[in-house]
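Subject: Structure for your review

Dear colleague,

Please find below the structure that I am handing over to you. My notes on what was found in it follow directly after.

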Amino acid sequence: MIQDYLFPGNVNEAVTLLAQKSGLAKIFAGGTSLLLDGKEMAGNPEYFVDLSKIEELDGISEKDGFIFVGANTTLAQCAVHPLILKNAPALALASGNLGSTQIRNVATVAGNVVAAKPFADTAVILTALEAICVVRSKEGNREVAMADMFARLGESVVDSGAELITHIKFPARKPGEGNAYERLELRNALSYPLVNVAVNLGLNKKTITKASIVAAPLAPGPRRISAAEQFLIDRPPTEENFAQAGQLASENAKFSSSPQTCRAKKTDVCLYDICHYCINPVQCSAQYRHQVLPVLVRRALITAAGIAVQDCRC
């Protein structure tokens, strides 16, 4: 049962409170994951440490070739910020389409990552952008690559009872680079994606020099598909090559079928290794996901290439 709701004034005070409560407190940002998952997923904390009054966690900025997204940045803010629109249009697109208007106004980008849903829209894109999470604890700062953020299904490597993300940073977009995002869902709002894809391309003299292709939902989180990425390097950005990359992505991804219900409701033990409900609660077969993945990858690559060639120094 919640005994108190705490409002630290700065990051040092926040991590001190977490340390003093010895695992009985949890970080509270937007709170949307708590409302969706229920108190069971939150670990039944006795205290919430609310970050909303910590100004150093606000805002989006650029420094030393990186874009910094503060932990208090909401999805709504991310969707319209000039730095995000310029450097990560894919992140702006996903942030503007995730959930409803009410959810986007309170849910944070960092919270979407820490919730560790395998299909988390922002995490898919940030993985493709090779983003890094700056994590603060009582011992100091550490950096965690987005690709390493997922410990297991529904659990990130960030212990919200002892530490917090202060910023998420990713490289600013260079000339000749482009990123894009594709999402397949059952309806246009308030829907978990059946499949989501993010790509980040780099071009030089009409040749692909960098390729990052990320797909979800995969366990324990979004994953890069190296076979498809390696195929594109040193090849021209043609639709034929993009289609082949999509096929390779499908052949190398390991999707699972989503059951109708969570087996833990019957056993009281999460059987995530064999159940797969946590991977995506929207019923969908692995076969269907494999069939649509090549199409989404091709579309995303075409979009990313179009952005890249606009300012490519060829």
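Over how many bridges do β4 and β5 pair, and in which sense? They pair in the antiparallel sense, over four bridges. Two strands count as paired if DSSP finds at least two bridges between them. Helices (H or I, at least four residues) and strands (E, at least two) are DSSP runs, numbered from the N terminus.

Please note that this is a predicted model, in which local features need pLDDT of at least 70 and side-chain atom pairs count only at pLDDT 80 or more, while totals for chains, interfaces and linings use all residues. Residues are numbered from 1 along each chain as its sequence is written, and side-chain values use heavy atoms, with hydrogens and water left out.

The chain as a whole

The protein chain has 14 helices and 14 strands. Of its 314 residues, 51% are buried; buried means under 20% relative accessible area, exposed over 50%, and partly exposed in between (1.4 Å probe, protein chains only). Among contacts with a separation of 6 or more, 63% are between residues 24 or more positions apart, a contact being heavy atoms within 4.5 Å.

The five-strand sheet

β4 and β5 belong to an open sheet of five strands in the order β4-β5-β10-β6-β7, with antiparallel pairing. Because β4 (60-63) and β7 each have a single partner strand, they stand at the edges, and one side of each is left without a neighbour in the sheet. From one strand to the next, the twist averages 25°; angles run from 0 to 180 degrees between N-to-C directions, and axes are lines fitted to C-alpha atoms, for helices over the stretch in contact.

Strand β6 (residues 132-137) is mostly covered, with five of its six residues buried. Six bridges link β6 to β7 (residues 140-145) in the antiparallel sense, and a hairpin joins these two strands through two residues. Here Arg 136 stands opposite Asn 141 in β7. β6 also runs antiparallel to β10 (residues 163-171), to which six bridges join it.

Ser 137 is found in β6 and stands opposite Glu 163 in β10. Its relative accessible area is 14%, so Ser 137 is buried. Beyond its neighbours within four places in sequence, Ser 137 is in contact with Val 15, Ala 162 and Glu 163.

Thr 73

Thr 73 lies in the loop between β5 (66-70) and α4 (75-80). Is Thr 73 buried or exposed? It counts as buried because its relative accessibility is 1%. The side chain of Thr 73 reaches the backbone oxygen of Gly 70 at 2.9 Å, and a polar atom of that side chain lies 3.3 Å from the backbone oxygen of Gly 59. Leaving aside neighbours within four places in sequence, the residues in contact with Thr 73 include Leu 57, Ile 60, Cys 78 and Thr 108.

A helix pair

The axes of α6 (residues 89-97) and α9 (residues 121-128) come within 9 Å and cross at roughly 175°. Ala 90, Leu 91, Ala 94 and Ser 95 in α6 meet Asp 121, Thr 122, Ile 125 and Leu 126 in α9.

Yours sincerely,

Technical notes
Polar contact = N/O pair within 3.5 Å; in protein donor to acceptor, adjacent residues only side chain to side chain.
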